[in-house]
Amino acid sequence: MRAYIGRHLAATDNDFVELALGTPVELWLGVPGESDEERAARLAAAADILADDPTLPDRVSQVAAEAIEAYAPELFDVAVLPRTTARRRSNRNGVAA
């Protein structure tokens with residue numbers, strides 16, 4: 001079965017992420033063995049993209065949360081911890097001690 005996003009074929013997980021973000025994953029994560037010059041160029045390109053699209057970090061967070069929720073829903077099972085009943089004393093200045 002083939003999956004298309006718009007007119008683009010998404011054959012791998014990275015294809016889905018790249019299509020969701022609009023940028024290659026390697027731009028943000030780097031590649032093994034990159035030189036200092038390559039890293040500097042990659043980070044400069046990333047900074048330019050963020051300057052042009054300040055909503056990108058929010059979209060990335062949303063994509064990551066949706067992926068985690070879809071593939072690891074147990075990470076969202078939050079147990080409520082009981083509150084402690086001990087009270088904190090405050091000194092004369094009203095600061096907790």
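Predicted model: local features only at pLDDT ≥ 70, side-chain atom pairs only at ≥ 80, totals over all residues.
Local features were considered only at pLDDT of at least 70 and side-chain atom pairs only at pLDDT 80 or more, whereas totals for chains, interfaces and linings use all residues. Residues are numbered from 1 along each chain as its sequence is written, and side-chain values rest on heavy atoms, with hydrogens and water left out.

The secondary structure of the chain comprises four helices and two strands, where helices (H or I, at least four residues) and strands (E, at least two) are DSSP runs numbered from the N terminus. Along the sequence, these elements follow the order β-β-α-α-α-α. Of the 97 residues, 10% are classified as buried; this class denotes under 20% relative accessible area, exposed denotes over 50%, and partly exposed lies in between (1.4 Å probe, protein chains only). The accessible surface of the chain amounts to about 8,600 Å², of which carbon and sulfur atoms account for 56%. Such areas derive from the Shrake-Rupley method with a 1.4 Å probe, and for residues only the protein chains shown count as cover. With contact defined as heavy atoms within 4.5 Å, 13% of the contacts between residues at least 6 apart in sequence join residues at least 24 apart.

Side chains of opposite charge can pair when their charged atoms come close. Two salt bridges were identified in the model, the criterion being a side-chain nitrogen of Lys or Arg within 4 Å of a carboxyl oxygen of Asp or Glu. One of them joins Glu34 and Arg42, with an N to O distance of 2.8 Å. Glu34 is partly exposed at 22% relative accessibility, while Arg42 is buried at 13%. Asp53 and Arg59 are likewise joined by a salt bridge, at 2.9 Å from N to O. In this pair, Asp53 is partly exposed, with 23% relative accessibility, and Arg59 is also partly exposed, with a relative accessible area of 32%.

Arg42 lies in helix α3 (residues 36–52). The side chain of Arg42 also reaches the backbone oxygen of Leu27, at 3.1 Å. With neighbours within four places in sequence set aside, the contacts of Arg42 are Glu26, Leu27, Trp28, Leu29, Gly30 and Glu34. Leu27 itself belongs to helix α2 and is buried, at 13% relative accessibility. Beyond residues up to four places away in sequence, Leu27 touches Arg42, Ala45, Ala46 and Ile49. The C-alpha atoms of Leu27 and Ala41 are 9.7 Å apart, with a sequence separation of 14 residues.

Thr23 occupies the loop between α1 (13–21) and α2 (25–29) and is buried, with a relative accessible area of 7%. The side chains of Thr23 and Trp28 form a polar contact at 2.7 Å; this term requires a pair of N or O atoms within 3.5 Å, and within protein one atom must be able to donate a hydrogen and the other to accept it, while residues adjacent in sequence count only if both atoms are side-chain atoms.

At the surface, Ile68, Leu75 and Phe76 form a nonpolar patch with about 290 Å² of accessible area together. Patches consist of residues with over 30% relative accessible area and no salt bridge, like charges being joined within 9 Å and nonpolar side chains (Val, Leu, Ile, Met, Phe, Trp, Tyr) within 5 Å. Phe76 is located in the segment after α4 (56–71) and is partly exposed, with a relative accessible area of 43%.
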